[in-house]
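Keep the viewer open as you read.

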Amino acid sequence: MTDDSLARFEACKLGTWEFVRIDVIDQLEKGCVGLYHCGEHRIELLSPAGLDRAKDDLRTFRNVPSDRLFSSVLHHELAHALYETRPCPYENCLATSEYFAYSQQIAALDPRDRATITARMDFSKPAQRDSINAMILFMAPDAFIATVWVHFTQRPEPCQYWRGILDGRILFDRFHP
């Protein structure tokens, strides 16, 4: 699984990260299926059995079989590990970090699983960049995920766009006094 993620990051020349310890556990706080601990180089992931028990909370990803969901969640958390040391001109760049991680996670899904997720998304008009922010992430996470994927798929060069996020040229966060 991590080899697949490494290959995906390498194919786009996105860089590498330091050693990351991965702990597979049976329970995390409600609504959480994976967690990258910033500064600790550690990921906690729900086991496939734990994912089965959490299916009702997964909304966007609920129809993805747990073994394949597990791999995509790992990829999401490894994306956070890769993003952690990147430039951010604000106190935090949560929306940008989650954009990078969710776009990576969905791209890493098997095409059949991706199709079950994207079937409910509206690709008929351009995604609104202003809808990609931390408030939407917290208040309507499924809407955030859908907007991220629609927006990302509308970019002409996916790898170049991810590199722009990693080098700090592309941000979705703003200064809030």
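Predicted model: local features only at pLDDT ≥ 70, side-chain atom pairs only at ≥ 80, totals over all residues.

## What counts as a disulfide here

## The C12–C159 link

Start with C12 and C159, which are joined with an S to S distance of 1.8 Å. The link of C12 and C159 is left-handed, with -50° about the S-S bond. What does the pair tie together? C12 sits in the loop between α1 (2-11) and β1 (21-25), while C159 belongs to helix α8 (residues 158-166), so the bond connects parts that are 147 residues apart in sequence.

C12 has 6% relative accessibility and counts as buried, because the cut-off for buried is under 20%. C159, at 25%, counts as partly exposed.

## The C88–C93 link

The other disulfide joins C88 to C93, S to S 2.0 Å. Is this one left-handed or right-handed? The torsion about its S-S bond is about 90°, so the disulfide of C88 and C93 is right-handed.

C88 is partly exposed, with a relative accessible area of 28%, whereas C93 counts as buried at 5% relative accessibility.

## Cysteines without a bond

C32 is in no disulfide; the nearest cysteine sulfur to it is that of C38, 12 Å away. C32 counts as buried, at 16% relative accessibility.

C38 is exposed, with a relative accessible area of 60%.

## The sheet and what packs on it

Now for the strands. Three of them make an open sheet with mixed pairing, in the order β1-β3-β2. β1 and β2 (34-37) are at the edges with a single partner strand each, so one side of each has no neighbour in the sheet. From one strand to the next, the twist averages 15°.

β2 and strand β3 (residues 42-46) run antiparallel and are joined by four bridges. To find your way along that pair, look for H37, which stands opposite R42 in β3. α3 (66-83) packs on the sheet and touches β1, β2 and β3, its direction making about 160° with that of β3.

Keep going past β3 and you reach S47, in the loop between β3 and α2 (48-53). S47 counts as buried, at 8% relative accessibility. What is S47 in contact with, leaving aside its neighbours within four places in sequence? The list is V24, I25, D26 and F70.

## Helix α5, a helix with two faces

At the start of helix α5 (residues 111-118), a side-chain oxygen of D110 reaches to within 2.8 Å of the backbone nitrogen of R112. Which residues of α5 are buried? They are D113, I117 and T118. These cover an arc of only 130° around the axis, which puts them on the same side of α5. As a reminder, an α-helix has 3.6 residues a turn, so residues three or four places apart point the same way.

What covers those buried residues includes α3 and α7 (141-153). On the face of α5 turned away from its buried side you will find the exposed residues P111 and R112.

After α8 comes G168, which has a positive phi, near 85°.

Conventions:
Residues numbered from 1 in each chain as written. Heavy atoms only, no water. Buried < 20%, exposed > 50% of the residue type's maximum accessible area, 1.4 Å probe, protein only. Arc of directions from axis to C-beta. Contact = heavy atoms within 4.5 Å. Polar contact = N/O pair within 3.5 Å; in protein donor to acceptor, adjacent residues only side chain to side chain. Disulfide = S-S within 2.5 Å. Pairing = 2+ DSSP bridges. Axes fitted to C-alpha atoms, helices over the stretch in contact; angles between N-to-C directions.
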